[in-house]
Amino acid sequence: MRSDRLLATLLLLQTHGRLPAPEIARRLEVSVRTVQRDVEALSTAGVPVYCERGRRGGVALLEGYRTDVTGMTDDELRALVALGASADGGALGTALASASRKLLAAVPDARREGVDRARRRLLVEHQGWRRAPEDLPALPALDAALVADERVRIHYATGDAAIASWRTVDPYGLVSKAGTWYLVAAHRGQPKMYRVSRVRDVAATGTPARRPDERDLGEVWAELRDRLQAPSDEVDVRVRVDPAWAPTLRRVAMAVMAGPWRHEGTDADGREVLTAPFRSLLAARAGLLGYGDAVEVLAPAELRAEMADAAARVVALYTMPDPPSPD
């Protein structure tokens, strides 16, 4: 609709100050002639907008002019306010919640009731069940580096390593995925992801970030995520489960699994036969060995042999003579 386009044009000019008419036309997917007509309409409505010719010309707003009109629909307002009410704690969550309250206060009375109802009726819980919130002391410092677009040094512990090491990175941005925060940054010219909870310390360098390319955060994150999730050594594992344990096994989604369990039938003894993809043979052995004799691996044969070998080593370990008591 034209009213939406006029508002979009106004907000573009308010954000950028001055834009060439062809650039406005490209962003709004209209013709340059349409942009010119819209500028005339804004001027007639009292908006201090004007055009300048020349190489550095374009459509501009009078310096200092601002409008409080956001152009947001009720659905957009409800979504933003509900997001702020559902934000996690920490510096970023606190800021988002505060912004949500300010936005609600600025909404006209006629629209405020429906927007406030969304805040009270919608809750997004980012944390999974039986999972403690992450400790993220480095998050504010990383966010500050992103705002300043600076290169930083991070003291990072890989995996569960007790010892962290320093590395210099050029940040693309921060990503929150299912309650876990990641820093996406280039290290020695290669984009990588770092779990924020494993960043022990952050040191500013005072130098601009030098990323190896001009891709935005979404593009780099999608590449890293797809690379991590891509199947490599996935293997389908077929098991026979004690009926008392079958419901538990089906319900528990192990991190080493690449997909859910599939029911294949029940044998004469009432044991359920299930199949599921695991990320690797080693992952399957680690995930299933703890179930003892409640879960019997039927296939693949290589995993069955590994399970038998691992079980034999455990038995041998606990049938050895007791170790001498410490003095």
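Which residue takes a positive phi in the hairpin of E6 and E7? The first legend gives the answer, after a short note on the model.

**About the model.** This is a predicted model, in which local features need pLDDT of at least 70 and side-chain atom pairs count only at pLDDT 80 or more, while totals for chains, interfaces and linings use all residues. Residues are numbered from 1 along each chain as its sequence is written, and side-chain values use heavy atoms, with hydrogens and water left out.

**Figure 1. The hairpin of strands E6 and E7.** Arg 188 is the residue to look for: its phi is positive, near 55°, in a hairpin with 2 residues between the strands. Strand E6 covers residues 180-187 and strand E7 residues 190-195, and the two pair in the antiparallel sense over 6 bridges. Leu 183 has Tyr 194 of E7 standing opposite. Strands here are DSSP runs of E with at least two residues, helices are runs of H or I with at least four, and both are numbered from the N terminus. Two strands pair if DSSP finds at least two bridges between them.

**Figure 2. The whole protein and its confidence.** Step back for a moment, and you will find 11 helices and 12 strands in the protein. The mean pLDDT (the predictor's confidence in each residue, from 0 to 100) is 82, and 81% of the residues reach 70 or more. Strand E4 (residues 150-156) has the highest confidence, at 95, and helix H5 (residues 90-106) the lowest, at a mean of 65. Where pLDDT is low, the predicted coordinates should not be read in detail. Of the 327 residues, 33% are buried; buried means under 20% relative accessible area, exposed over 50%, and partly exposed in between, with a 1.4 Å probe and protein chains only. Among contacts between residues at least 6 apart in sequence, 57% join residues at least 24 apart, a contact being heavy atoms within 4.5 Å.

**Figure 3. Strand E9 and its two partners.** Strand E9 (residues 235-241) has one covered face, made of Val 235, Val 237, Val 239 and Val 241, and an uncovered one with Asp 236, Arg 238 and Arg 240. E9 runs antiparallel to strand E11 (residues 272-278), joined by 7 bridges, and Val 237 is opposite Ala 276 of E11. E9 is also antiparallel to E12, with 4 bridges between them. In that pairing, Arg 240 stands opposite Glu 296.

**Figure 4. A network of salt bridges.** Follow Arg 240 and Glu 296 into a network of salt bridges that also links Asp 267, Asp 269, Arg 271 and Arg 304. A salt bridge is a side-chain nitrogen of Lys or Arg within 4 Å of a carboxyl oxygen of Asp or Glu. Asp 269 and Arg 271 meet in one of these, at 3.7 Å from N to O. Asp 269 counts as exposed because its relative accessibility is 61%, whereas Arg 271, at 26%, counts as partly exposed. Side chains of opposite charge can pair when their charged atoms come close.

**Figure 5. Two further charged pairs.** Arg 215 and Glu 223 form a salt bridge whose closest N and O atoms are 2.7 Å apart; the relative accessible area is 25% for Arg 215 and 31% for Glu 223. Arg 225 and Asp 226 form another, at 3.2 Å from N to O. Arg 225 is partly exposed at 29% relative accessibility, as is Asp 226 at 41%.

**Figure 6. The surroundings of Trp 166.** Trp 166 is in strand E5 (residues 165-177) and is partly exposed, with a relative accessible area of 36%. Leaving aside neighbours within four places in sequence, Trp 166 is in contact with Arg 153, Ile 154, His 155, Asp 201 and Ala 203. Asp 201 lies 35 residues from Trp 166 along the chain, with 8.9 Å between their C-alpha atoms.

**Figure 7. The loop residue Leu 289.** Leu 289 sits in the loop between helix H10 (281-288) and strand E12 (295-299). Leu 289 counts as partly exposed because its relative accessibility is 32%.
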